[in-house]
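Open the model in your viewer and keep the sequence panel beside it. This tour goes from one selection to the next and says what is there.

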Amino acid sequence: MEGYVTIREIAERWELTTRRVQKMCSEGRIIGVMKFGKAWAIPKDAERPKDERVTTGMYKNWRKKYKVTG
């Protein structure tokens, strides 16, 4: 399809894993993405969405912070 690229091409361009791009597609975070059967078609000019994963270390060692007694 003209004007669209595959997940692999976008993953290389954005320096992400293919699985991460698949997840973004399924969550609807990439504008203009379409699914054809099992394959995703992403517009060539699609912008990379903001990474919303927590990277502050807020959840580091969370099991030690919330010790369960009982």
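Select R20 to begin; R20 sits in helix α2, which covers residues 18-27. Helices here are DSSP runs of H or I with at least four residues, strands are runs of E with at least two, and both are numbered from the N terminus. The model is predicted, so local features need pLDDT of at least 70 and side-chain atom pairs count only at pLDDT 80 or more, while totals for chains, interfaces and linings use all residues. Residues are numbered from 1 along each chain as its sequence is written, and side-chain values use heavy atoms, with hydrogens and water left out.

Is R20 buried or exposed? R20 is buried, because its relative accessible area is 16% (buried means under 20%, exposed over 50%, and partly exposed in between, with a 1.4 Å probe and protein chains only). Now show what R20 touches: R29, D51 and R53, once residues up to four places away in sequence are set aside. A contact means heavy atoms within 4.5 Å.

Next, select G3. G3 lies in the segment before strand β1, which is residues 4-5. With a relative accessible area of 32%, G3 is partly exposed. Which residues is G3 in contact with, leaving aside its neighbours within four places in sequence? They are I42, P43 and K44. Draw a distance from G3 to K44: the C-alpha atoms are separated by 5.7 Å, although the two residues are 41 residues apart along the chain.

Move on to E9, in helix α1. E9 counts as partly exposed, at 41% relative accessibility. A line from the C-alpha atom of E9 to that of R19 gives 12 Å, for residues that are 10 residues apart along the chain.

The loop between α1 and α2 comes next, and E15 lies in it. What is the phi of E15 near? Phi is near 55 degrees, a positive value in a residue other than glycine. E15 counts as exposed because its relative accessibility is 72%. T17 is also placed in the loop between α1 and α2, and at 51% relative accessibility T17 counts as exposed. From T17, go to P49: the two are 32 residues apart in sequence and 14 Å apart in space, C-alpha to C-alpha.

Now zoom out to the protein chain. Count 3 helices and 3 strands, which follow the pattern β-α-α-β-β-α along the sequence. The C-alpha trace spans about 60 × 25 × 15 Å along its principal axes. A compact globule of 70 residues would have a radius of gyration near 11 Å, but this chain has 17 Å (taken over C-alpha atoms; the globule rule is 2.2 Å times the number of residues to the power 0.38). Of the 70 residues, 27% count as buried. Among contacts with a separation of 6 or more, residues 24 or more positions apart account for 46%.

Switch to a surface view. The accessible surface comes to about 6,100 Å², and 50% of it belongs to carbon and sulfur atoms (Shrake-Rupley method, 1.4 Å probe; for residues, only the protein chains shown count as cover).

Finally, colour by pLDDT, the predictor's confidence in each residue, from 0 to 100. The chain averages 86, and 91% of the residues score at least 70. Where pLDDT is low, the predicted coordinates should not be read in detail.
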